[in-house]
Amino acid sequence: MNNERSEATASLTVAGVLDLEEIRGGAPEIVAGEAGLDRAIRWVHIADSEHVEQFLEGGELVLTTAQTFRRSPAAMTVFLDQLEAAGAVGVVVELVDDAGAPDEQAAEVVRHAASGRELPVVVLTHRIKFVRITEVAHRSLLAEQLGRLERAREIHETYTQLSLERAEVSAIVSRTAELLGAPVVLEDVAHRVLAQAGPGAEALVANWVALVSGADAYVRRDWPQIPVGLQSRRWGRLVVPGLPTGAANVEQIIERAAQALTLTRMAETDERDLLLQAQAGFVRELMDVGAADEAQARTRARSLGFEPPGASRLVPAVIRLDRDPSTDPTRIQLWERALIQEATAAAARAGVATLSTGLQSGSFGLVLALPGRGDESKALHRVFEEIADLGTTWAVGVGRSSSSLLTAVSRLESAAQVAEVVATLDVREQVFYRAGDVRLRGLLALLGDDPRLRGFAEGELGPLLESADEEMLDFLELVLTHGGNKSAVARAGFLSRPALYARLAKLQDRLGVSLDDAESRTALHVALLWWRMNR
C-alpha cells in the first residue's frame, strides 16, 4: 500500500513543473497564487492569444509569451480572468524582449493583473524552450495514467483470484485492508462486526455500534463505505474508517471487495445446500447422456429430494437473465446465483417440487412438478410471480408438460429457445411464454441473421428495399395484416375504392406478384416480418 500512496501523491503539480531544470533556467518568479502550487496538472497547453478560454477544459497549466498583449493591462486582466473561469491550474508567462533581455515593463503589467488572485501566476525573465517543458510534462502525465491503468488491472486480478479461490470473508477483508493501508470493517445490517483487519481495527470495533449510530454516521465521519449483497438483499456494509491521506483507488478497491464478498456469501450458501448442486449434475447427465429408463431416472430423482405425486405433470422451464455483451461476467454470475435460489424457494412456497440445473451463462433450467388436475397456467403464475425483485430482469420460457421425467428434461432445450426469443421482445406482457406465444416471430428470431433468410427476404422485398420506400412497405404490411381482404384494407387505411385499387396495382407491379395468391402473401409476410425485426 505504500507504493499506492506514493503513486497518489506523485501526480504532476504546478510546483513539480516549476522544479524542472528547464523552468529554473528561466528564473521563475511566483507573482500570485503561491498557495495553489500543489494543484494537480491534467495537461500542459501553449497559448499566444489572450482569447484562450475556448481551448481549455480545466486542469491545464498554460505556457505563454503573451507577445501580443503583454503590455496591455486590460488584455492581461481578461486573459487571467479567462484562465480562472476555464479552470486552469496555473500559468507560466515568459517575458523576454527581442534582444533576449527581461521585459520589465511587461512584467509589471503581469504583476498588477495577477495581484490578489488564487491562480498561480509565474513570470520567467529568461528565454526557455516550451517544447521541452511540454515533452517532460506530458511524458510524466502519460506515465501516471499508465500507472493508474496498471493499478486498476492489479486490483481486478486480485479480487478475481480471490473469487475463483472462494476465499473466506476474513481473507477478503484482510487483503482489502492491505491494499488500502487502512482499517477495514465488515458489518451486518445491525452493525454487528463480521470481520475486521488493518491497523487500529481492533480498537475501533471495541466501540463500533456507538461509532456508527445515526443515519449519517458514515457521511459525517467521511468514511468510505459500500453496501454488500445484491440490491434487494443487502446483508452487510464494508467500511473504511480512518483512511490515510492520499490513498488511491479507494472506490474501485471497496467495490471489487464488496463483489467478492457477495460471491463468497452466495458460494457458502451453495455449499450448505449441496442438494441443488447434485440436482444440477443429475439433470445435465439426463440431458447429455440420458438414462436407461424412466424408473431408473425416477429413482435417482427421489434420492435428490424430487418426489412429486404420481399424477403430477412435469413442466420444463428456463429462466434467462437479460443482459448485453458489455455486462460484467461477475455481475451476471451474482444475479444467476441469486435467481436460481429465489426461483426454487418460490416454487417451494407454492408447494411445487423442482429439479434445477445451470445451462449456459446467465440462464438455468427447472423441472416443476405441478398438480395433475389443476390449471397448469395458474400454478406457473403462482411460482413465477413469487420470485422477488433482484434488481434485474429476466425472461421465462416454458416447454410442454409431460408425465415422463425423461421427456420433461429433454424439453428444456425447447424452453431455452423460447426464453431466448422472449429476451428479444421489446414489450413483454406475460410472466412466462410458451412456444405458441412467440410463434413465427420466435422462429425468425432464432434464425437471426441467417444469410439464407436474408437472401429470401431481400429477394421478396427487393424492389421496395432498393428505393427505401417505407410508405409502400407500410401499405404492404396493411394488406398482409388483413389477409388481402380489400374491404378491410380500405377501411383500415381510410382509402376510397379507386385509391385502393390504384395502390394495389402499383404495389403488385413493383413486386411482380399477385397479392391474391395465398402463397405469395405468406412469403411476403415472412420476409416483411423478418425485415422489421432485423433492419
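A salt bridge is a side-chain nitrogen of Lys or Arg lying within 4 Å of a carboxyl oxygen of Asp or Glu. In this predicted model, Arg 132 forms such a bridge with Glu 22, and the closest N and O atoms are 3.6 Å apart. Arg 132 belongs to helix α6 (residues 130-164) and Glu 22 to helix α3 (residues 21-24), so the pair ties together parts that are 110 residues apart in sequence. Both partners are partly exposed: Arg 132 has a relative accessibility of 42%, and Glu 22 has a relative accessible area of 24%.

Glu 294 pairs with Arg 298, with 3.1 Å between the closest N and O atoms. These two residues both sit in helix α13 (residues 294-303), four residues apart, which is about one turn of the helix. Glu 294 is partly exposed, at a relative accessible area of 23%. In another bridge, the closest N and O atoms of Arg 349 and Glu 342 are 2.9 Å apart. Here Arg 349 is partly exposed, with a relative accessible area of 48%, whereas Glu 342 is buried at 3% relative accessibility. Salt bridges also link Glu 29, Glu 108 and Arg 111 in a network.

Aromatic rings come next, with a count of three aromatic pairs. In one of them, the ring centres of Phe 69 and Phe 79 lie 4.9 Å apart and the planes meet at 50 degrees, so the pair is tilted. Phe 69 is found in the loop between β3 (60-64) and α4 (73-86), while Phe 79 is in helix α4, 10 residues apart. Phe 69 is buried at 2% relative accessibility, and Phe 79 is buried at 0%. For Trp 208 and Trp 223, the centres are 5.9 Å apart and the planes are at 10 degrees; because planes under 30 degrees apart count as stacked, this pair is stacked. Trp 208 lies in helix α9 (residues 208-211) and Trp 223 in the loop between α10 (217-221) and β8 (225-230), so the pair joins parts 15 residues apart in sequence. Both tryptophans, Trp 208 and Trp 223, are buried.

A ring can also take part in a contact with a charge: the charged end of Arg 503 sits over the ring of Phe 475, 4.5 Å from its centre.

Finally, on the surface, Leu 440, Leu 443 and Leu 447 form a nonpolar patch with about 230 Å² of accessible area together. Leu 443 is placed in helix α18 (residues 435-447) and is partly exposed, with a relative accessible area of 47%.

Note on methods
Residues numbered from 1 in each chain as written. Predicted model: local features only at pLDDT ≥ 70, side-chain atom pairs only at ≥ 80, totals over all residues. Heavy atoms only, no water. Buried < 20%, exposed > 50% of the residue type's maximum accessible area, 1.4 Å probe, protein only. Patch = residues over 30% accessible without salt bridge, like charges linked within 9 Å, V, L, I, M, F, W, Y side chains within 5 Å. Areas by Shrake-Rupley, 256 points an atom, 1.4 Å probe, with all protein chains shown as cover. Phe/Tyr/Trp six-rings, centres within 6.5 Å; stacked < 30°, edge-to-face > 60°. Lys NZ or Arg CZ within 6 Å of the ring centre and 35° of its normal.
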